[in-house]
Amino acid sequence: MFSRKFLFSVNPLLKIGVSLAIVAVALSLKTLDAIVVLVIVLLALLVTSIRIPLKSAIAVIIAFLLFIAFGTLTLSNWQLALFYALRLLALSLPAPVFALTTSPTDLVRALQAIKLPSFLVLSLMLVWRFLPVIQQESQRILEANQLRGVELSRQPHRWFSGLFVPLVFRIVSYADEVTIGLETRGYDPSLPRTISKPLTWQSRDTVFTIASWLIFGIVAHLEF
Amino acid sequence: MAELTIENLSFTYAGQTQPALQDINLSVSSGELVLITGATGSGKSTLLNCIAGIAPTYTAGILSGDLCYQNQSILHWDIKARSRYLGFLLQNVETQIFTDRISDEIAFGLENLNLPPEQIPDLINAALSEFNLTQQQHWTIQQLSAGQKQRLVIACILAMKQPILLMDEPFAYLDRASASFLLDLLQSHAAQGQAIVLIEHRLDLVQSICTQSFCLHKGQWLTQTPKIQSVDRSSEVDHSTKPIVLQCRNLSWGGYPQFPDLTLRAGETTLLQGENGCGKTTLLKLISGLLRPTTGTIELLGKPQPRRIVEISRAIGFVLQNPNHQLFAESVLQEVQNDREILTQLNLEEQLERHPRSLSQGQKRRLTLGAVLARRPKVCLLDEITVGQDATSLNLMLELLKRFTQAGGAVIVTSYDPQVANALGAKILTL
């Protein structure tokens with residue numbers, strides 16, 4: 001039933017609202033059961049909506065376990081350590097779930113719909129494009145190093161010349177290149193733009209809202 | 001009346017004394033298709049950048065002279081204001097893509113023009129059908145190859161129907177069929193009244209449709225367009241007795257159909273041909289180890305391909321499409337491991353102390369080839385050899401590759417230019 005595309009088509013403003021609500025709820029929860037339910041739901045959303053590379057998943061699990069181990073050592077209470085680790089997850093998961101399931105176009109339409117100042121829409125759009133571009137550029141630079149026989153993961157002394165310098169060049173030129181790209185495509189934040197697909201409330205938005213309230217209800221029931 | 005008039009335009013980059021453009025005059029009327037040629041670094045892209053307003057806004061320098069649209073000076077207009085009348089296809093189209101779906105990308109430009117919302121779906125459908133993209137309209141842009149992205153951005157820009165079109169190497173990544181399709185399309189847009197100015201190195205393709213052609217040399221018009229330097233035809237050599245250096249069998253990856261088997265002997269050159277998106281770059285990535293094949297085997301120098309890319313890289317060098325990812329050294333000389341001979345062969349000896357990133361795109365491309373060959377690989381993979389290369393620059397690269405194969409190296413190259421296959425005496429493998 002839960003299609004991979006479901007979350008992608010939910011209203012971005014609704015996703016922003018629910019993400020903020022999750023952060024607020026995660027900060028106010030005090031019982032382990034409630035936060036476990038919240039984190040399980042978030043993880044389920046993440047796994048069903050986004051393809052996560054195995055390496056990244058393993059790295060996150062290891063970091064999570066280390067966090068619990070460190071917490072147990074310092075607090076001498078594994079349950080409290082687990083609670084804090086889960087709270088950290090509950091605080092950090094909504095952002096990637098939201099960010100990775102919202103296309104730049106949908107974000108711009110959403111921000112225009114709430115009449116956000118155009119310079120803010122432009123800045124957010126550039127930031128939205130920036131993160132995946134930099135990730136892609138880093139990957140290409142790492143590959144180019146390997147093609148030259150340099151395994152950067154085993155040669156940290158070459159990180160500066162092999163990765164940081166070319167990456168900084170790319171980051172510096174990125175701002176200009178993308179602004180030129182935007183302007184040559186006729187984007188002018190000071191002029192009105194057509195919204196060809198205006199944001200409308202869809203049935204899936206109602207489903208998402210009801211499901212969110214239901215989950216918040218369960219979490220509240222466990223908490224109190 | 002001329003749509004675009006350029007009067008005594010000069011541009012000098014900040015920190016330089018020699019102007020990159022000097023006293024350029026040009027008049028382009030509605031329905032005209034103007035071709036600008038010239039060697040790499042001759043000022044072609046600088047000229048288009050000046051027309052579009054990118055120079056001096058983003059490229060620091062001093063601009064003088066005048067630029068007019070329908071006899072009205074636009075010299076003090078910014079890029080955004082000019083873009084209402086000038087459609088501009090940049091050399092690197094990736095920087096002009098802002099959405100993640102094909103139909104959204106076409107809509108983006110039309111929304112920027114603030115067209116009535118009810119007109120936009122029809123214009124999107126017209127652009128999709130004009131470019132045979134209707135079936136792919138819901139594809140994500142990530143799925144597209146370089147050539148398909150090029151086609152998409154051209155479709156986006158043509159859909160905006162500005163009266164003047166500036167295009168920097170629109171044919172660069174296009175296969176033969178897409179190129180001939182674009183030729184017809186440009187002619188029909190010119191016939192409908194658009195004024196088109198384009199830079200292109202694939203002169204064999206575009207010269208027949210241009211109404212005017214100009215050649216830039218060191219920032220000035222040459223009075224006579226020089227004869228196109230043709231690429232020398234290499235003599236056929238029998239390689240059947242040479243040892244096999246690379247063998248690929250039953251390779252497949254992702255959604256591509258199985259790749260044809262490939263056997264490459266020392267001294268041999270293979271040209272991979274096929275339409276945009278058929279998997280040429282993917283096959284090169286499989287051979288270099290950047291991707292792991294879903295099925296099939298690769299044998300390198302008679303042994304199974306090692307797992308680690310760095311081990312594969314001892315035998316295989318790969319010249320990527322974008323040279324900016326492959327330059328790491330502090331100077332041109334260091335980049336080729338102090339091999340001055342390679343720099344001489346690539347006509348880069350005057351730049352040996354310069355930082356690699358300060359070179360022009362064409363020079364960077366030559367340098368990455370030099371850097372790869374300086375490591376003395378057994379096999380050199382070269383993705384899209386002709387992109388950004390004028391005939392002279394391309395000849396230098398081809399000459400170096402010929403010497404490499406004569407010394408026993410093997411080459412796999414992708415290109416849409418049939419001259420490349422002739423010049424290298426290449427075997428053609430169609431995907």
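Reply: Gladly, and let us begin with a strand pair: strand β11 (residues 244–252) of chain B pairs with β12(B) in the antiparallel sense, over four bridges. Bear in mind that this is a predicted model.

Me: What makes β11(B) and β12(B) count as paired?

Reply: The cut-off is at least two bridges between two strands. β11(B) and β12(B) have four bridges, so they count as paired. Within this pair, Cys248(B) stands opposite Leu262(B) in β12(B).

Me: Which sheet do these strands belong to, and what is its order?

Reply: They belong to an open sheet of four strands in chain B, ordered β12-β11-β14-β15 with antiparallel pairing.

Me: Why are β12 and β15 of chain B called edge strands?

Reply: β12 (262–265) and β15 (303–304) of chain B each pair on one side only.

Me: Why is Leu343(B) called buried?

Reply: The label needs 20 or more other C-beta atoms within 10 Å. Leu343(B) has 22 other C-beta atoms within 10 Å, so it is buried. This residue lies in helix α12 (residues 340–345) of chain B. Leaving aside residues up to four places away in sequence, Leu343(B) touches Val332(B), Leu333(B), Val336(B), Leu348(B), Glu349(B), Leu352(B) and Gly370(B).

Me: How do you know that the length of helix α14 of chain B agrees with what it should span?

Reply: Helix α14 (residues 391–406) of chain B has 16 residues, which at 1.5 Å a residue should span 22 Å. Its end C-alpha atoms are 22 Å apart, so the two values agree. After α14(B) comes Gly408(B), with a positive phi near 105°.

Me: Which residues of α14(B) are buried, and what do they pack against?

Reply: The buried ones are Ser393(B), Leu394(B), Met397(B), Leu398(B), Leu401(B), Phe404(B) and Thr405(B). They cover an arc of only 130° around the axis, and therefore sit on the same side of α14(B). In general, an α-helix has 3.6 residues a turn, so residues three or four places apart point the same way. The partners of the buried residues of α14(B) are β13 (269–273), α13 (361–373), β17 (379–382), β18 (410–414) and α15 (418–424) of chain B.

Me: Where do the domains of chain B lie, and how many residues make up their contact?

Reply: Chain B is divided into domain 1 (2–222) and domain 2 (244–430), with C-alpha centres 30 Å apart. Their contact takes 20 residues from domain 1 of chain B and 19 residues from domain 2 of chain B. On the domain 1 side, α6 (146–159) and α7 (176–191) of chain B are the elements that give two or more residues. That side divides into eight nonpolar, seven polar and five charged residues.

Me: What makes up the contact between the two chains?

Reply: Here 39 residues of chain B are in contact with 36 residues of chain A. On the chain B side, α3 (79–82), α4 (102–112) and α10 (309–312) each supply at least two residues, and α4(B) gives the most, with six. By class, the side of chain B that touches chain A has 20 nonpolar, eleven polar and eight charged residues.

Me: How many helices and strands does chain A have?

Reply: Chain A has nine helices and zero strands. Of its 224 residues, 23% count as buried.

Technical notes
Residues are numbered from 1 along each chain as its sequence is written. Chains are lettered from A and ligands numbered from 1 in the order in which they are written. This is a predicted model: local features need pLDDT of at least 70, side-chain atom pairs count only at pLDDT 80 or more; totals for chains, interfaces and linings use all residues. Domain bounds come from an automatic or database domain assignment. Two residues are in contact if their C-beta atoms, placed from the backbone, lie within 7 Å. Ala, Val, Leu, Ile, Met, Phe, Trp, Tyr, Cys and Pro count as nonpolar, Asp, Glu, Lys and Arg as charged, and the others, Gly among them, as polar. The expected span of a helix is 1.5 Å times one less than its number of residues. A residue is buried if 20 or more other C-beta atoms lie within 10 Å of its own, exposed if 12 or fewer, and partly exposed in between; C-beta atoms are placed from the backbone. The arc is that of the directions from the helix axis to the C-beta atoms.
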